[in-house]
Amino acid sequence: MGRAIAQSKFIAMQVNLSATSLEGLRTEYEEQLGVRWQTDGLETILEFPPQIGRGELRQIQLRSGLTIILKNAYFLESVDVQIPDIESEILAFRSSLSGRAKATFCGRPEEYYITPKQSRIAFFPSLGGSIESQPHQRIVQVEVTAERESFNELIADRVDLLPQEFRDVLAGKRRDPLVQTQILSDVAIRAAEQILHCPYQGLTRRLYLESRAIELIALHLHGNYMASSASFKSDEIDRIHYAKEILLSNLENPPSLLELSRKVGLNDCKLKRGFRQVFGMTAFSCLY
């Protein structure tokens, strides 16, 4: 499946955005797709037009600075969205349940891949970049976004319990992108599905979704940081993530495990163990 992304023969539908605010981006998005966002209380919904596919993008505003974004779509063609540089103070916790996409952000030349059952924590100081969703597959994602101030309130300012790179983000010291991915745990999948299929309405719905959103943040942090850092140093975890990026950037001619270990500066035994612990798979499983 990874090769299908790299060798996609579909002509992508281009959505080129140029606004300098999030509200402006939303207006441009609906104009280029030929649809309008519909607002229902604290929820804003965009149904994809039939000429490109079916499904919807739903944004749910919870407490101030805490938002859920739901994407459930099936595209008939590849959809490539180009996003301009806009400053951002948002932390994103994404649960990708199904579907594949590739993306670039913050002027970084390398691509990263969104894959099924992927947990991703991300901080981008700028939203500029692109994301290309692949066609003829069900894309289901649950993303919880939190502004820095709101996230500090959630953890009661206990930043000392977080890894250093995360502390730098919360302190406003980090201007480089931060992306951490891992396989999505079964309990996180259940929490994401409960958000997707919430049976409640009104205030009960809002409180239920907020509790599940906070639960998902905790599960992402545990899976991506707390659990993976138990036997690996922070720089070693970064090297393991770098190794995965190298593999995904060389799908047609991937390096051997020994070559990969030399490129990232970890011995092959530690690299193999790291892939299993950080991503829940072998190094070369991520190619398929």
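Ala, Val, Leu, Ile, Met, Phe, Trp, Tyr, Cys and Pro count here as nonpolar, Asp, Glu, Lys and Arg as charged, and the others, Gly among them, as polar. By that division, the residues lining the largest cavity fall into four nonpolar, three polar and three charged. The model described in this report is a predicted one, and every value given for it is computed from that model.

**The chain as a whole**

The protein chain contains nine helices and 13 strands, and of its 288 residues 51% are buried. Its exposed surface comes to about 13,900 Å², of which carbon and sulfur atoms supply 50%. Where contacts in the protein chain link residues at least 6 apart in sequence, 67% of them join residues at least 24 apart.

Rolling a probe the size of a water molecule over the atoms shows where empty space is left. The search of the whole structure finds two cavities of 30 Å³ or more. The largest cavity is lined by ten residues, and those nearest its centre are Tyr112, Val179, Thr181, Lys244 and Glu245. Two or more lining residues come from each of β9 (112–114), β13 (178–183) and α7 (234–249), with α7 giving the most, four residues.

The largest pocket has a lining of 39 residues, with Leu22, Gln59, Ile69, Leu127 and Glu143 lying nearest its centre. The volumes and lining make-up of the two spaces are set out below.

| Space | Volume | Lining residues by class |
|---|---|---|
| Largest pocket | about 1,300 Å³ | 23 nonpolar, eight polar, eight charged |
| Largest cavity | about 150 Å³ | four nonpolar, three polar, three charged |

In soluble globular proteins, nonpolar side chains tend to be buried together. In this model the largest nonpolar core has 34 residues, and Ile68, Phe151 and Phe166 are the ones with the most contacts inside it. At least two residues of this core are supplied by each of the strands β5 (66–75), β7 (90–98), β10 (118–123) and β12 (138–147), and by each of the helices α4 (164–170), α5 (186–196) and α6 (202–226). The largest share, six residues, comes from α6.

Which residues does Phe151 contact, leaving aside its neighbours within four places in sequence? They are Leu91, Phe93, Ala146, Leu162, Phe166, Leu170, Ile217 and Leu221.

Thr67 is found in strand β5, and because its relative accessible area is 9%, under the 20% cut-off, Thr67 counts as buried. Not counting residues up to four places away in sequence, Thr67 touches Gln59, Ile60, Gln61, Glu143, Val144 and Thr145. Of these contacts, Gln59 and Glu143 are also among the residues nearest the centre of the largest pocket. Thr67 and Glu210 are 143 residues apart in sequence, yet their C-alpha atoms are 8.7 Å apart in space.

Ala92 lies in strand β7, and its relative accessibility of 10% is again under 20%, so Ala92 is classed as buried. With neighbours within four places in sequence left aside, Ala92 is in contact with Arg120, Ile121, Ala122, Glu143, Val144 and Thr145. From C-alpha to C-alpha, Ala92 and Ile69 are 9.9 Å apart in space, while 23 residues separate them in sequence.

**Two residues with positive phi**

Most residues other than glycine have a negative phi, and most peptide bonds are trans. Against that background, Lys117 has a phi near 55°, a positive value in a residue other than glycine. Lys117 lies in the loop between β9 and β10. Is Lys117 buried, partly exposed or exposed? Because its relative accessibility is 47%, between the cut-offs of 20% and 50%, Lys117 counts as partly exposed.

His136 likewise is not a glycine and has a positive phi, of about 55°. The place of His136 is in the loop between β11 (129–133) and β12. At 42% relative accessibility, a value that also falls between 20% and 50%, His136 is therefore partly exposed.

Key: Residues numbered from 1 in each chain as written. Predicted model: local features only at pLDDT ≥ 70, side-chain atom pairs only at ≥ 80, totals over all residues. Heavy atoms only, no water. 1 Å grid on protein atoms, 1.4 Å probe; cavity = no way out; pocket = protein on both sides within 12 Å on 5 of 7 lines; lining within 4 Å. Points joined across faces, edges and corners; volume = space filled by probe spheres on them. Core = buried A, V, L, I, M, F, W, Y, C linked by side-chain atoms within 4.5 Å. Buried < 20%, exposed > 50% of the residue type's maximum accessible area, 1.4 Å probe, protein only. Contact = heavy atoms within 4.5 Å. Areas by Shrake-Rupley, 256 points an atom, 1.4 Å probe, with all protein chains shown as cover.
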